[in-house]
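Here are a few exercises to work through with the coordinates open. Try each task before you read its solution.

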2 protein chains.
Amino acid sequence: MTRIAVCQLAPAIGDLDGNRARALAALDAAADAGAQVVVLPELAASGYVFRDAGEARALAEPPDGPTVAGWAERAAARGLVVAGGFAEAGADGRLFNSAALVDAGGVRAVYRKAHLWDREAEVFTPGTDPPPVVDTPHGRIGLMVCYDLEFPEWVRTVALDGAQLLCVPTNWPAEPRPDSERPMEILKAMVHAATNRMAIAACDRCGTERGVDWVCGSVIVGPDGWLLAGPPGREPALLVADIDLAGARDKALGPRNDAHRDRRPALY
Amino acid sequence: MTRIAVCQLAPAIGDLDGNRARALAALDAAADAGAQVVVLPELAASGYVFRDAGEARALAEPPDGPTVAGWAERAAARGLVVAGGFAEAGADGRLFNSAALVDAGGVRAVYRKAHLWDREAEVFTPGTDPPPVVDTPHGRIGLMVCYDLEFPEWVRTVALDGAQLLCVPTNWPAEPRPDSERPMEILKAMVHAATNRMAIAACDRCGTERGVDWVCGSVIVGPDGWLLAGPPGREPALLVADIDLAGARDKALGPRNDAHRDRRPALY
């Protein structure tokens with residue numbers, strides 16, 4: 001079993017030092033709870049609701065900047081795999097809404113969000129590389145960001161690449177929904193997990209920012225699609241669940257069916 | 001607005017005449033309720049749990065056989081579009097788990113299930129043609145069968161072909177799930193609808209058959225992914241919902257996002 005943690009946080013726009021410190025404290029709390037893989041939100045150090053590209057640029061940093069380096073230091077100190085989102089300043093001057101996967105060996109993957117939501121396109125360049133899937137001591141772990149998860153094609157690429165767990169740093173803006181219903185974002189995470197027999201850990205944010213409210217929908221979903229933890233409510237929270245990630249290599253749906261082998265790729 | 005109906009029925013294995021009569025009575029009841037598009041279950045005339053291929057063969061019929069011809073007659077008499085499933089005897093002797101879409105003009109499309117569940121593969125040949133999308137007076141309507149709906153690639157082909165409503169005759173075998181949860185099949189229908197901004201009408205069966213129990217999960221889902229009708233419980237039932245199918249041509253998710261245009265097909 002692997003202990004997965006998701007740290008729902010409330011970043012404050014522009015408060016790089018404070019946001020970084022709160023993320024590191026959350027990693028420590030997760031490690032104290034025995035977590036081995038920990039997910040942080042999208043844009044965890046910068047905040048999300050930039051006034052303009054200039055503000056985003058001032059808050060962006062390269063993958064070897066202090067935010068990701070801080071996670072890597074904690075990953076090494078506490079034996080963690082950490083996935084989290086940051087505003088990436090590319091070497092060519094472009095900005096990306098990125099996520100990093102780090103472990104005791106340092107930065108294992110940097111992924112640039114390929115599907116941009118709303119005004120993100122005024123700030124960020126969409127990525128053009130597929131989502132990474134990284135071998136870790138706990139199994140193969142995939143990585144994508146927020147709105148990427150709305151595209152089943154993208155999730156499928158990660159699953160077909162052998163991911164047993166998909167980590168999704170996210171900032172889900174709240175949308176209206178029927179009172180009795182779960183947020184559709186959570187239903188999507190559940191259905192993607194069940195469709196691919198792959199665990200999903202989605203780390204949302206909370207805390208109203210410049211008038212934007214959030215789903216606060218952090219969840220840990222098992223490979224059968226059912227919720228193991230979350231959503232936690234509207235405050236910062238640590239979610240923990242134990243998952244048999246080795247079992248997520250088995251795509252059997254019954255004695256004669258398999259979620260991946262039953263695909264008809266020649267027809268798609 | 002278009003009035004959509006789903007007729008959850010309890011076919012009895014092998015009772016062709018009785019099953020056909022109950023389906024026609026359900027079409028009449030739907031027409032009496034003002035329905036314009038009506039969905040029947042998978043294998044509505046034959047039943048599902050065949051003892052072997054020989055029994056299935058004895059219950060199969062061509063697309064111009066009495067089952068589909070009966071639907072077409074009712075469609076003409078009552079001004080309906082009807083989608084339903086039948087055991088198809090192919091001209092070459094092979095059997096297919098098929099669905100037909102008929103309207104006042106006769107049989108508009110026959111689709112052969114491409115993804116076969118469990119022991120179906122001992123009886124049926126999987127289809128190799130994409131799911132049809134048919135122009136009707138109510139808009140473009142797509143058609144697939146049961147386990148097909150578990151493959152987001154298949155749903156996407158229908159949506160990208162312009163379907164505003166996807167009709168899914170189904171026989172969903174019951175699977176264990178947490179007590180507090182909706183069946184995963186229904187969650188998948190909801191998420192597919194939301195992901196593609198396309199309505200989905202799934203018609204399940206009820207009535208235990210040779211020891212197999214069913215989800216009884218018939219639902220009508222709006223293009224936003226929320227349930228408009230169903231599931232109805234474990235008895236035969238008529239579900240009705242009014243949907244603005246013209247609105248399902250609009251894939252906008254907000255001022256700057258579109259469920260289809262935001263795809264990155266060059267990357268998939």
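**Exercise 1.** In which hand, left or right, does α1(A) pass α3(A)?

*Solution.* Keep in mind that this is a predicted model. Start with the geometry: α1 covers residues 16–32 of chain A and α3 covers residues 66–78, and their axes come within 10 Å and cross at roughly 20 degrees. Angles under 35 degrees count as roughly parallel, so α1(A) and α3(A) are roughly parallel to each other. As for the hand, the crossing of α1(A) with α3(A) is right-handed.

**Exercise 2.** Find which residues of α1(A) and α3(A) meet, then sort them by class.

*Solution.* Take the α1(A) side to begin with: A:R20, A:L24, A:L27 and A:A31 do the touching. Across from them in α3(A) sit A:P66, A:T67, A:G70, A:W71, A:R74 and A:R78. Sorted by class, this contact has five nonpolar, two polar and three charged residues.

**Exercise 3.** Now go to chain B and work out how α1(B) and α3(B) are arranged.

*Solution.* Step one is the axes: those of α1 (residues 16–32) and α3 (residues 66–78) of chain B come within 10 Å, crossing at roughly 20 degrees. Step two, apply the cut-off: under 35 degrees is roughly parallel, and α1(B) and α3(B) therefore count as roughly parallel to each other. Step three is the hand, and α1(B) passes α3(B) in a right-handed crossing.

**Exercise 4.** Describe the side of chain A that touches chain B.

*Solution.* First the count: 31 residues of chain A contact 31 residues of chain B. Then the elements: α4 (152–160) and α5 (184–196) of chain A each give two or more residues to that side. The largest share, seven residues, comes from α5(A). Finally the classes: this side of chain A has 15 nonpolar, six polar and ten charged residues.

Terms used:
Residues are numbered from 1 along each chain as its sequence is written. Chains are lettered from A and ligands numbered from 1 in the order in which they are written. This is a predicted model: local features need pLDDT of at least 70, side-chain atom pairs count only at pLDDT 80 or more; totals for chains, interfaces and linings use all residues. Axes are lines fitted to C-alpha atoms, for helices over the stretch in contact, and angles run from 0 to 180 degrees between N-to-C directions. Helices (H or I, at least four residues) and strands (E, at least two) are DSSP runs, numbered from the N terminus. Angles under 35 degrees count as roughly parallel, over 145 as roughly antiparallel, 65 to 115 as roughly perpendicular and the rest as oblique. A crossing is left-handed if the near helix is turned anticlockwise from the far one by less than a right angle, and right-handed if clockwise. Two residues are in contact if their C-beta atoms, placed from the backbone, lie within 7 Å. Ala, Val, Leu, Ile, Met, Phe, Trp, Tyr, Cys and Pro count as nonpolar, Asp, Glu, Lys and Arg as charged, and the others, Gly among them, as polar.
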